[in-house]
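Hello,

Here is the structure I promised to pass on.

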Amino acid sequence: MSAAAAFFYLFAGVTIASGFMVIASRNPVASVLFLILAFVNAAGLFVMMGAEFLAMILVVVYVGAVAVLFLFVVMMLDVDFAQLRQGFQQYLPIGALIGAVFLIELLLVVGSWTIDPGLVQTPLNPVPPAEAVTNTQALGRVLYTDYVFFFQLAGLILLVAMIGAIVLTLRDRPGVKRQNISVQNARTQGMAVETRKVPSRQGVEV
Amino acid sequence: MNAAQIVLPALGPALPELILSLGVLVLILYGAFRGERSAEGVNVGALILLVVALFAVMSQSGAKVTTLNGSFIVDNFSKVMKALILIGSAATILLSRDYFQRARIDRFEFPILLVLCTIGMMVMASANDLISLYLGLELQSLAAYVIAAFHRDNLKSTEAGLKYFVLGALSSGMLLYGASLVYGFTGTVSFPGIVAALDGTAGLGIVLGIVFVAAGVAFKLAAVPFHMWTPDVYEGSPTPVTAFFASAPKMAAMAMTVRLFIGAFPDVTAVWQQIIVFVAIASMALGSFAAIGQRSLKRLMAYSSIGNVGYALVGLAAGSQEGIRGVVVYMIIYLAMTLGAFAVLLSLRRGGEMFETVDDLSGLSRTHPILAFCLAAMMFSLAGIPPLAGFFAKYYVFAAAIKADLVALAVIGVVTSVVGAFYYLRLVKVMYFDEPVAAYEPMPPGLRIVLGLASVVVVLFWIVPAPLVGAAGAAAKSLF
């Protein structure tokens, strides 16, 4: 067995095992940590396929941002998972029925699946050739030319998400003290400090 | 690859969308710098943008053009549907001003979200592959979820937004699953590519893909059996937002449905026709029977919209050029009827309180004769009584269904429209024969404009039907 095959089975095995642990683990924090492990191993699989850009993006975006965000949510919000699972027994039969229907459908679909023989060759001989351009360049070329429409539309969707989050959550709280730099700068010594003579044994009224 | 090799795609066909996109960015900056006082200015700006985009759409030649790497198509069909979408959005701004000011939710983000939603809807009407279809749909839906919950201090409004969001996300998932199956079995996402790859035969994977895509589309259309969200969302949202949901997004969803089934699966009609026939029958039946017991006018309009989607789908089920012409005529007239009915609904206001039940219409003919006459015209039209426009809308779709040998479907449609007539005519009875309640405040000018235009279309359609029917015919022709 070559080293490449050994690493493939290592990464693939750990990905599947940690994926299973995500749903099987009783502790939600452990679930998120297993999710991160699965992402890292999937990134390893991408590197082995020569898709180094996707691998790094997976680590940066999913591990660095999304999974850590999940972890924060799980740790900050006191979600009672025991309570969430209460209806489990009650909904099990209907859930199992729907699951079985989907499984049969999937098996039927996979049964009729034929893979184009040309497709197997594509990862081995990528267009443009891997020696000529890096992943990042190749993606950038199509992203900003052929797929510029999708790219811009995705940008608009993110803009809507941002405006929506602000509209629905930003509130003006009355009585909050805010910093006003121009007022601070305009303060003079006369406004801030008062000099008084303090008569002996009498003091001053403040 | 050097710079000279990069060819800029032709942006001319997407001019209306570009106008809206760039304009909305300017409006966001204006609103953000001016703060809350900018609501009036942003509303006027958004209205001007929508009207300018409408002129840009109308000035397109209507010849079939694809651009942006083949993912964006402009033809007579997209022209008509985009015009309807823009009219629906512009009317929503007119309808919303007075209501939002009085409800103290008059914030500049509403027109901005409305314009962004409109961009999404126009992309849906011009989609020529599965990715642009999904992106347009998601842009439209995301903005719609937010404006459903726009009255954020109102429990019902936030509940409506949340319900819409959760169920909408589920339906998007189903649509994506179906789209991935279609892509997996054809190897392409572009509609002409799918037609070529299928070559008139649909394997099991494609059939499953079509079923899931149809489920996602039916949710967006609010067609039975994916209609459950509709009454709650329509009732909970602020009334102008309800008017919007019942008008422009329906146009976009119908345009998307027609594009998808006629554009990508024209040679495998047998596969999707049975789905559409079932959905149409179930929607017509539920829309007619479930509305009978409703006392809330907003819920009543929700069931009415479910029923109307069913009638429009009868035309799609026919799958022919006449059928699509029927769908387009139906959508044009449905837009006028819905906007008119909601303009009346929004004017039922007395002492700062909105009235939204059937009983509040009592004796409207004596307190507000013109308002009552207009609403009666809308109701007779929705019931499909000649010579009002609603009769012709139903006539075109049923005639197409009979020509396509779907006689049973047409007969069921006629029967359910008779059942549906009961609750439309009950409103007329309440207005004209019940004892009047106190008079309402005079209508704001925005509502007057919308109601006036809608009434003209509904009442006078039979005198000069040619322009609208001609445009619908040209739209249908461009798809075949």
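Chain B has 20 helices and four strands, where helices (H or I, at least four residues) and strands (E, at least two) are DSSP runs numbered from the N terminus. Its radius of gyration, taken over C-alpha atoms, is 22 Å, close to the 23 Å from the globule rule (2.2 Å times the number of residues to the power 0.38) for 480 residues, so chain B is as compact as a globular protein of that length. Of those 480 residues, 62% are buried, meaning under 20% relative accessible area with a 1.4 Å probe, protein chains only.

A word on the source: this is a predicted model, in which local features need pLDDT of at least 70 and side-chain atom pairs count only at pLDDT 80 or more, while totals for chains, interfaces and linings use all residues. Residues are numbered from 1 along each chain as its sequence is written, chains are lettered from A and ligands numbered from 1 in the order written, and side-chain values use heavy atoms, without hydrogens and water.

Now the interface. In chain B, 39 residues are in contact (heavy atoms within 4.5 Å) with 28 residues of chain A. The rule finds one salt bridge across this interface, between the side chains of D153(B) and R171(A), at 3.0 Å from N to O; the cut-off is a side-chain nitrogen of Lys or Arg within 4 Å of a carboxyl oxygen of Asp or Glu. On the side of chain B that touches chain A, α5(B) gives the most, with nine residues.

Best wishes

Notes. Buried < 20%, exposed > 50% of the residue type's maximum accessible area, 1.4 Å probe, protein only.
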